[in-house]
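Me: I have not looked at this one before. Can we go through it piece by piece?
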Protein chains: 2
Amino acid sequence: MTNLYDLAYSLEKSIRESGDYAALKSAFDAVNTDPTTKQLFNNFRELQMKFQTMQMMGQEIPTEEMEAAQLTLTMAQQNPNIVKLMEAEQRFSVVINDVTRIIMKPLEEIYGGNQ
Amino acid sequence: MTNLYDLAYSLEKSIRESGDYAALKSAFDAVNTDPTTKQLFNNFRELQMKFQTMQMMGQEIPTEEMEAAQLTLTMAQQNPNIVKLMEAEQRFSVVINDVTRIIMKPLEEIYGGNQ
């Protein structure tokens, strides 16, 4: 049996060498090397997280807050570098979710149905 | 480069064949084959989760609720099979946390310091 940790490190290397990772890194760098785009993206992320948290906690987003945020949301969604980064994140998250699901399967088999 | 998904499946196999996984499975089975122990463990887990959630949300646990829970908590902590399961979970979670930290490192390198 190959050592569990060796396999984890090989998997890490494989993730690092994957096309999806390279695409994510280059999209991230493209957004973050331009201060204006970086600022817009960070504002967008903050708003996104804030609204998601509010939704999860069952709070309505007040109309005036939504209106104040609208310009940031629209500008971010129209910025090609930000759109590319969001798409790259989406593709990379599919890989990471798959990997996590695979390696968590043994644990799920114990805790999944038997409680 | 070995295929990323092949490596994920090899890692899954290695986790499944590890001593820590076998120990977890046997400890879980020991708790769950005895209906009384199983019930006690489930009650204990529920209370633990409820109190943790309350703490995370900054809520005090009311004294009367704590007192009502005390018997369950004490009984669970004195049940050798439940103690063994909690210890096995603790050891297995070290492995899983290590593995997760290793494979998330590439992602952390992108998002870690640069925001």
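Me: What should the 22 residues of helix H3 (residues 35-56) of chain B span at 1.5 Å a residue, and how far apart are its end C-alpha atoms?
Reply: The span should be 32 Å, and the end C-alpha atoms of H3(B) are 31 Å apart, which agrees. The expected span is 1.5 Å times one less than the number of residues. Helices here are DSSP runs of H or I with at least four residues, strands are runs of E with at least two, and both are numbered from the N terminus.
Me: What follows H3(B)?
Reply: Gly58(B) does, and its phi is positive, near 75°.
Me: Where do the coordinates and the numbering come from?
Reply: This is a predicted model, in which local features need pLDDT of at least 70 and side-chain atom pairs count only at pLDDT 80 or more, while totals for chains, interfaces and linings use all residues. Residues are numbered from 1 along each chain as its sequence is written, and chains are lettered from A and ligands numbered from 1 in the order in which they are written.
Me: OK, chain A. How many helices and strands are there?
Reply: Chain A has five helices and zero strands, and along the sequence the pattern reads α-α-α-α-α. Its radius of gyration is 19 Å, well over the 13 Å that the globule rule gives for 115 residues, so chain A is more spread out than a compact globule. That radius is taken over C-alpha atoms, and the rule is 2.2 Å times the number of residues to the power 0.38.
Me: What box do the C-alpha atoms of chain A fill?
Reply: Roughly 60 × 40 × 15 Å, taken along the principal axes.
Me: And what share of chain A counts as buried?
Reply: Of its 115 residues, 17% do. A residue is buried if 20 or more other C-beta atoms lie within 10 Å of its own, exposed if 12 or fewer, and partly exposed in between, with C-beta atoms placed from the backbone.
Me: Which residues of H1(A) are buried?
Reply: Leu4(A), Leu7(A), Ala8(A), Leu11(A), Ser14(A) and Ile15(A). Seen down the axis of H1(A), they fall within an arc of 120°, so they line one face of the helix. The arc is that of the directions from the helix axis to the C-beta atoms.
Me: What do they pack against?
Reply: Helix H2 (19-33) of chain A, together with helix H1 (4-16) and helix H5 (80-111) of chain B.
Me: Which residues are buried in H1(B)?
Reply: Leu4(B), Leu7(B), Ala8(B), Ser10(B), Leu11(B), Ser14(B) and Ile15(B). They cover an arc of only 165° around the axis, which puts them on the same side of H1(B). Their cover includes H1 and H5 of chain A together with helix H2 (19-33) of chain B.
Me: Now the pair. What rotation superposes chain A on chain B?
Reply: One of 180°, with 0.0 Å of shift along its axis and an RMSD of 0.0 Å. The two copies are thus related as by a two-fold rotation axis. In chain A, the C-alpha nearest that axis belongs to Leu7(A), 3.4 Å away. The superposition is by least squares on the C-alpha atoms of residues with pLDDT of at least 70 in both copies.
Me: Why do you say the copies meet through the same surface?
Reply: Because 100% of the interface residues of chain A are also interface residues in chain B.
Me: What does Ala30(A) touch?
Reply: Asn81(A) and Lys84(A), not counting residues up to four places away in sequence.
Me: And what does Lys38(A) touch?
Reply: Val31(A) and Asn32(A), with residues up to four places away in sequence not counted. Lys38(A) is in helix H3 (residues 35-56) of chain A.

Conventions. Two residues are in contact if their C-beta atoms, placed from the backbone, lie within 7 Å.
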